[in-house]
Amino acid sequence: MDFAQFRRPQRYIGNEWNVIKKSHKGRIPVCIGYPDLYELGMSNLGLRIIYSILNEESDIVCERVFMPFDDLSQYLKENDQRLFSLESKTPLNQFQVLGFNFNAELNYTNFLHILELGGIPRYSHQRKDVIVLGGGVVNPEPIADFIDIFVLGEFEAISNDLIKILRSTSSRQARIEAFSQTPGFYIPQLYSNNLENNSYLFKPLNEKAPKSIKRVFVKDLDNSYYPTNWLTPHTAIIQDRVPVEIARGCPNLCTFCQARKQYYPYRQRKPQKVKEIIKKIYKSSGYENFSLLSLSASDYSYMQELLDGVLDYFREQRIGLSLPSLRIDDLLGPLQERLQRLKSSSLTVAVEAAQDKLRKDIQKNIDIKQLFEAAKVLHSFNFKQIKLYFMYGFPNETNEDIIAIADMLKELLGKSNLKISASVNVFMPKPISIWESQSLEDEKILEEKRALLLNSLPRSKRLDVSLPSTKSTILETLLARGDRTVGKVIENAYRKGALFCGDNERFKWAPWKNAIEEEGSAYQKILKTQTSNFAWSFIDK
Amino acid sequence: MIYFSQLDLIHILERALRRTDLPIYFTQGYNPHVKISFRSGLKLGVTGKIEVVLYFSEKVDRERAIQKLKEHLPMGLNILKGSQMSLKEINKLRRQAK
């Protein structure tokens, strides 16, 4: 195949620096996939961790597949060819195990597309040899019909069990049985989970299926695996820097946040370990930009020590460093002098709600007065821009809260001459967040609030606001909170051509609207939380 | 096989240089980067030769530099020939080109 005929051919070559190529002979062939384009998938840390852990084993060969762009999809269909892994160009239906990392619900139809292009039967019950694993999901139920085995929780915590089971037998059935008896794995086909009398009834379908299903977590982050032989693309990717994870989980209690419970509890990596990882990755990749990754960098107890230990190295080697989740007080406090030495990057502040009272309601504890204080000293940092995150559609929110977002942006534009980029999202009651039993705000009200915000925003060349459509928020909430009936909607919408739904430019509501109607989905019930428990309630908290 | 744009090539060369322990010359200022200049451009998807000038902060052994860099270049990207110039000579060539 001549890849030069496709847009951005590097997406499909699989010749990155540090790529691992092994012969399949005598090895268990595994292919891990990400249901979005190469540039997005290669920016995902989880996928890299899994790739490296599995390839450490000499009897396993782990390769990658991403969602192909339209041109390659069309080519494969027209020429009746199968989608292939990047490393050895092996068709997907020749692997024993396929594993998908889902971190965005809106990509579920892309996943069905990858299966179809790879020649993999869509439904679990249709498969004879291949096993399809799914990870990264909080609520597995909407895609339960398409996945043989879910990994619930963090991969590093189950990787040894996974490898052991794959080695023990090559039979699909025997492997599935072994997984069903191992904590952290969930086999949906062994259970029914239907809505009866307004409540979800989770029932094992045979005696051997365990009654309780658990999420598993890494206990010791310092000694957990971190990939250092860094796979370095030859073309730009979305997050074109090396993320070095300094902590996992979050000690804060923001009511809307799903991630704090998805990665639990709060664990920190020692600065010495972080430093070692940074040096190893730089030596292996030559990457010119790094970022210190965590849900909330400001809560990292060893930040001063870490920065003191690495800033000179970054300066000598001319490596850029960004700290994407800092709080404003760090800019004014003891870290100020250290942060001023960073190569230019952007300041990110998750404000969420512009007025104090609402911010208190959602347990987001930041002092906004400091943001304006900080605006005055921002010129002493090398920041290129300020990025702000807001949300609307919260319970008990008023129109004043919406206008306050616009006012805050106005005031900031006046106090600083940096570019401001604001990302405004709608509050969605995501599974296992503190507010999981809240409802998604009515569509009509969301539309009114959206219009109010758009009309109040200041006009400035320095301001860039991103605001997803209300319909895509409704869909994301449905896919996040859905039960097994939502799987039918996903499949139907896919047949109607719904692809790349996470891309604002490409998102279309029509196929979803028709799919919901045709499948008779009780989707309002799911959005409005009118059930006494949830489709995901069977997973131990 | 490798496909890249001119912009990709800058990153590929920069990262390859950074992986070696050669004394790379960085530009000054807030946003220092590896200095690389091209005598001509290449089209995506077309095989060809390109002349690249790499800058070092001190004198390096020509053979050693070529060898080191070759070890860190991806498959499909090769060094055909390398010659060494002082900054004076480069600037002289530049003036002549104008």
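The model is predicted, with pLDDT of at least 70 needed for local features and 80 or more for side-chain atom pairs, while totals for chains, interfaces and linings use all residues. Residues are numbered from 1 along each chain as its sequence is written, chains are lettered from A and ligands numbered from 1 in the order in which they are written, and side-chain values use heavy atoms, without hydrogens and water.

The axes of helix 15 (residues 399-415) of chain A and helix 16 (residues 443-456) of chain A come within 9 Å and cross at roughly 25°. Axes are lines fitted to C-alpha atoms, for helices over the stretch in contact, and angles run from 0 to 180 degrees between N-to-C directions. Helices (H or I, at least four residues) and strands (E, at least two) are DSSP runs, numbered from the N terminus. The crossing of helix 15 of chain A and helix 16 of chain A is right-handed, the near helix being turned clockwise from the far one by less than a right angle. Helix 15 of chain A contributes Asn399(A), Ile402(A), Ile403(A), Ile405(A), Ala406(A) and Lys410(A), which meet Lys449(A), Leu452(A), Leu453(A) and Ser456(A) of helix 16 of chain A; contact means heavy atoms within 4.5 Å.

Between helix 16 of chain A and helix 17 (residues 470-481) of chain A, the axes come within 10 Å and cross at roughly 135°. Helix 16 of chain A is thus oblique to helix 17 of chain A. Glu443(A), Leu446(A), Glu447(A) and Arg450(A) of helix 16 of chain A make the contact with Thr470(A), Lys471(A) and Ile474(A) of helix 17 of chain A. These residues divide into two nonpolar, one polar and four charged.

Chain B has three helices and two strands, in the sequence pattern α-β-β-α-α. The C-alpha trace of chain B spans about 35 × 35 × 30 Å along its principal axes.

Definitions and conventions: Angles under 35 degrees count as roughly parallel, over 145 as roughly antiparallel, 65 to 115 as roughly perpendicular and the rest as oblique. Ala, Val, Leu, Ile, Met, Phe, Trp, Tyr, Cys and Pro count as nonpolar, Asp, Glu, Lys and Arg as charged, and the others, Gly among them, as polar.
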